[in-house]
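This briefing concerns the model shown below. It takes up confidence along the chain and then selected features of the backbone.

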Amino acid sequence: MAYLGPRLGVSRIFLPHVTVFRVLCTVRMDEMGLAVGRSSLERLDFDNVALKKLPLDPSDEPGVRMVKGACFSRVIPEPLNSPRFVAVSGKALALLGLDGEEVMNDPLGPEYLSGSKVMPGSEPAAHCYCGHQFGQFAGQLGDGAACYLGEVKAPPGQNPELLRENPSGRWEIQVKGAGLTPYSRKADGRKVLRSSIREFLCSEAMFFLGIPTTRAGSVVTSDSKVIRDVHYSGNPCYEKCSVVLRIAPTFLRFGSFEIFKPADEFTGRQGPSYGREEIRGQMLDYVIEMFYPEIQRDHPDRVERNVAFFREVMSRTARLVAQWQCVGFCHGVLNTDNMSVLGLTLDYGPYGFMDRFDPDFVCNASDNSGRYSYKAQPAICRWNLVKLAEALAPELPPDRAKAVIDEYLDQFNRFYLENMRKKLGLLRKEEPEDEILITELLRTMHDTGADFTNTFRNLAQISCPSEGETERDEEIVRKASELLLEQCASLEELKSANTPTMDPRELSMLLSMAQSNPALFEMISDRATIARQLDRMSKLKVLLETSQDELRARQAQEWTSWIALYRKRLARELEGQSDVQAVQEERASVMDGTNPRVVLRNYIAQNAIEAAESGDFSEVRRVLKVLEKPFSSQPGLELPAWVGSHRRTEQGERDEGEEPQQGTSSSSSSSTAMSPLPYDSKPPAWARQICVT
């Protein structure tokens with residue numbers, strides 16, 4: 001192909017000569033044939049506007065370094081040995097005008113979508129950003145493993161709704177795990193199969209749940225290996241390098257604007273582009289013009305434009321975290337560098353969907369303080385918005401930013417209540433008492449250890465009261481209570497969940513220190529952590545004095561009380577309605593379309609990971625199919641494709657010649673010896689041992 005261009009140019013010069021004209025025709029036909037036959041990935045239409053509009057690092061110096069006065073640095077992705085697909089998402093690749101099956105069967109597909117080979121028009125680069133990590137400013141971070149490949153123009157005829165959400169008309173594509181960048185710090189720029197499969201599956205799961213998110217087009221694995229200490233136990237092992245293709249309108253984040261930060265008063269670190277105020281304005285112009293064109297159009301005054309932009313980011317963030325709370329999703333690492341300026345779920349690391357409802361649920365085993373717990377997410381997102389506002393000053397006046405941030409809590413509560421009413425099937429009336437009903441539901445779920453996803457899914461089976469059913473009312477409530485009791489935790493599960501994680505002697509020492517030396521106590525612990533430990537001790541004491549039968553009776557009583565309240569509220573939904581059956585059917589339909597049947601629980605991801613680490617990719621692909629329709633049952637896809645305890649049926653999708661890897665599970669106990677459970681089941685006992693950091 002590289003040789004045909006010059007020949008065509010020469011042929012045009014000698015057009016009058018007939019013999020050469022024949023050569024010209026032949027060459028053109030050959031070129032057309034090659035164009036039709038070449039990889040669809042070589043025909044992607046790149047328009048890399050970010051690299052044209054934002055400052056590019058002039059240095060091509062290899063290795064990790066501080067990058068000043070630039071938003072991107074050019075990089076060279078490091079090729080993998082024998083790259084091959086684990087799975088592709090046809091729905092995500094369609095955003096780029098690609099056919100998933102065609103890409104899957106393309107011999108060049110794994111090379112292009114792992115960065116091992118660079119597509120025509122692609123300009124690999126890494127983005128420079130900073131961030132507050134666990135509340136402390138960390139200075140320069142940047143794309144340590146991700147690599148921007150470029151921006152692909154949306155194909156003709158793309159869904160107008162998608163273009164409304166992405167008015168730039170381009171999709172940025174990244175490969176994550178493609179090797180070293182100037183921002184890799186002490187890491188190697190690689191990702192392994194475990195983390196890659198988790199990001200791939202959850203990106204797509206969130207999309208099909210209707211939650212704003214970046215997308216994942218594929219996972220590629222290889223024969224290249226890196227050393228990882230899976231359990232941080234001092235026993236490292238080799239794992240296969242793997243790469244995820246990520247897709248979004250843009251991957252710019254709150255931390256993108258923190259590269260201009262002056263020296264932090266606590267850490268002493270400053271942004272690498274401190275003092276380069278013109279770049280902040282440049283980046284702000286780019287984001288608003290490209291992704292918020294209606295704000296650019298409607299606000300000719302620069303300050304008013306910037307305030308409107310910040311208000312929209314605030315609103316999108318409030319809506320996003322409300323949606324997370326309503327499906328029991330915990331992000332795990334809500335640092336400012338993991339918050340999207342478009343209000344998308346970004347960077348899937350130690351995330352988790354809650355099983356047993358617990359407001360203090362922490363999915364990241366590294367989060368010892370519970371800073372990013374489930375219940376803390378709304379407040380943490382507000383804190384991050386404050387840091388974004390600081391990073392945008394003086395382009396965003398602080399007093400105007402504060403006024404916008406003051407709107408956040410009301411916005412979050414409005415979105416949250418709107419979603420929760422749908423989850424409870426309260427469609428016709430909005431009553432102040434609804435907040436109490438929701439609070440009591442969550443309290444009952446917490447006290448009984450009820451499964452979050454399945455409890456909400458089962459609420460649709462609780463009927464609205466109808467006239468003349470007084471005699472049957474007690475029986476209906478009893479059956480509804482039995483239905484929900486199936487989702488409650490056993491005595492042993494609750495004992496395990498409420499066992500303090502802190503040694504009693506350490507706890508006693510800290511309690512004494514809190515009284516005698518508060519300043520020292522605040523340096524090494526915090527009152528919230530101690531309060532959680534004391535609460536666990538108190539609950540465990542009660543549980544140790546309780547039998548399983550006594551627990552079950554208490555759980556039944558709690559659910560009976562709440563169901564009675566719920567049915568009274570449902571009765572008010574029927575007031576003035578002539579067709580009660582139609583109301584019931586609409587309610588059930590809305591609830592079943594709001595409360596998912598299946599979410600990506602850790603044990604489901606773990607099963608797929610362990611199969612893939614043994615060379616069998618069928619479970620990853622099967623789980624993706626299930627997650628594409630999370631609200632409905634799919635005949636034939638109710639169970640994992642296990643055969644026996646270690647094999648799966650779809651052996652045709654096994655990685656040929658693969659030897660099972662030992663010790664690469666992210667769980668401390670293997671799932672493969674367990675019996676398969678339906679995807680909509682409560683998690684098995686071994687799932688409690690899964691540790692994600």
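In this predicted model, residues 1-35 have a pLDDT that stays under 50. For that stretch the model has 17 contacts beyond four places in sequence. Residues 656-669 also have a pLDDT below 50, and the model gives this stretch 42 contacts beyond near neighbours in sequence.

**Confidence**
- Across the chain, the mean pLDDT is 90, and 89% of the residues reach 70 or more.
- Where pLDDT is low, predicted coordinates should not be read in detail.

**Cis peptide bond**
- The peptide bond that joins Ala 393 and Pro 394 is cis, with omega at about 5°.
- Pro 394 belongs to the loop that runs between α12 (377-392) and α13 (398-405).

**Positive phi at Phe 134**
- Phe 134 is not a glycine, yet its phi is positive, near 50°.
- This residue, Phe 134, is found in the loop between β4 (130-133) and β5 (136-140).
- Phe 134 counts as partly exposed because its relative accessibility is 34%, which falls between the cut-offs of 20% for buried and 50% for exposed.

**Positive phi at Asp 347**
- Asp 347, likewise a residue other than glycine, has a positive phi of about 65°.
- The loop between β11 (329-330) and β12 (352-353) contains Asp 347.
- With a relative accessibility of 12%, Asp 347 counts as buried, since buried means under 20%.

Conventions
Residues numbered from 1 in each chain as written. Predicted model: local features only at pLDDT ≥ 70, side-chain atom pairs only at ≥ 80, totals over all residues. Heavy atoms only, no water. Helix = DSSP H or I, 4+ residues; strand = E, 2+ residues; numbered from the N terminus. Buried < 20%, exposed > 50% of the residue type's maximum accessible area, 1.4 Å probe, protein only. pLDDT = per-residue confidence, 0-100. Contact = heavy atoms within 4.5 Å.
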